[in-house]
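Biologist: I would like to learn how to read helix packing. Can you walk me through a case?

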Amino acid sequence: MYGRRASQLLKENSCNETGQFTAFNADMFGEVLKECNTHHLELQSLMRKIQEEGLDMQTTRNPDHFGAVIHHLSLMRNKRCLMAYVYNRAEVIQSLRWKVGPVLPQEIQGKLNQSEKEYFKNHSSALEAYMSELDLDLTVDMVPPKDPYIRIRVLDDIGDEVVLDDQSHNFVRHSIHLLKRTDAEQYISQGLMEELSG
Amino acid sequence: MAHGSEEGLGFSSEDYDSLIATTDVELLKRTWRNEKASPEILQFQASLVQRSREQIQLMEDTMEEFAKNGTDPLTVSLYQMDLDRALFLLRSYLRTRLQKIEKYFIHISKSELWNRLSEQEQKFAKKCTDYMEKHLQKSVLSHLPYGYQSILRQSISSEEDDMVPEPQLDTFVFCKSKGSVGAFQLDDSGDEIVDLVADDLYVLRYKSIKALIESEQIDLV
């Protein structure tokens, strides 16, 4: 009560490193919501009591008023904690879209709740609409380029006969290729290739 | 776009510097640096972006011709490098702006910063706001009791919109002034006066030099 459980929820969030998160804690979330409703009921009953005693709502300063203020403040604090929890997770989701791309791997998808999955899809489509209006892919070139071509090693079987830039490549596992930076970046971000330095 | 064309013409180094300073790549680099270092979103340079895209397109066409002619591969890869770097600048500039919009869309929609966005960015910001509102409504706000369901206010008894994340304008930034600005008052109380000489590096609060950046007398580093 009084914001304690909500701060536990937030502590979970802050224990993670930036850019990572745990599964959506639906149980604790639901409990905090129940607390909010309890606070609200108490608040309403106290306000009704003040009115029944015939005192003016704005200026009375008796214990009921202060009790009502405490319930009101705890409710606001719970609301802020809940919104911060959801908002921070949403920010991590946004950064994932930039890092990983339009499709999330299975492990991450399992940690999101239904509304977050929808939010990711919507946000991703808003980004794609912007990029297609400009005709520029903004998710490549995250690091300043040192070389137009980079040497990569294929980590997973991508497939034979992948056509990039009018040249077909045979991407067998553990094979080494020299590719154009922008073409290789999409595979690197999905973890299917790695860059060979040196 | 390539810098090599100026070198063979026998310019003195001062002329060369001033000529270089006005090429589009330099302008783009400057705008990119300012945007990266500033905590709030700056004015969108529509004409610069348009010109850069046209030049990039020209370069790409030139590259295709080179590939057909079988020109010396070293020249080709040098031009390719130049093209890649210009593309990176453009992409990074647009990306930084988008990420700032993603963070502060509510604040931007409500203040005069809205006018600093390009048309496509405004559409993107509007969509961001809608989706985030929908998401928050669905997860949190619809379950809360009446009177506490607003996104912008803590409750209906709050006097103003107190739940809007705003960019921190007090952060310190490194800056260099291009020409001598002379004595400059740092804050309203007139306590601190800083003499801004050309090409000297300063560390100041962003808020105090906001106006100078907008009038392009100072660059962020």
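Biologist: At what angle do helix α5 of chain B and α6(B) pack?

Modeller: Two packed helices are described by the angle between their axes and the distance between the axes. In this predicted model, α5(B) (residues 73-110) and α6(B) pack at about 65°, axes 9 Å apart. Axes are lines fitted to C-alpha atoms, for helices over the stretch in contact, and angles run from 0 to 180 degrees between N-to-C directions. Helices are DSSP runs (H or I, at least four residues), numbered from the N terminus. That angle makes α5(B) roughly perpendicular to α6(B); the classes are under 35 degrees roughly parallel, over 145 roughly antiparallel, 65 to 115 roughly perpendicular, the rest oblique.

Biologist: How does helix α3 of chain A pack against α6(B)?

Modeller: α3(A) (residues 63-100) and α6(B) (residues 119-139) pack at about 140°, with axes 10 Å apart. That makes α3(A) oblique to α6(B). A:M83, A:V86, A:Y87, A:A90 and A:Q94 meet B:M132, B:H135, B:L136 and B:S139.

Biologist: What conventions apply?

Modeller: Residues are numbered from 1 along each chain as written, and chains are lettered from A in the order written. Local features need pLDDT of at least 70, side-chain atom pairs count only at pLDDT 80 or more, totals for chains, interfaces and linings use all residues, and side-chain values use heavy atoms, without hydrogens and water.

Terms used: Helix = DSSP H or I, 4+ residues; strand = E, 2+ residues; numbered from the N terminus. Contact = heavy atoms within 4.5 Å.
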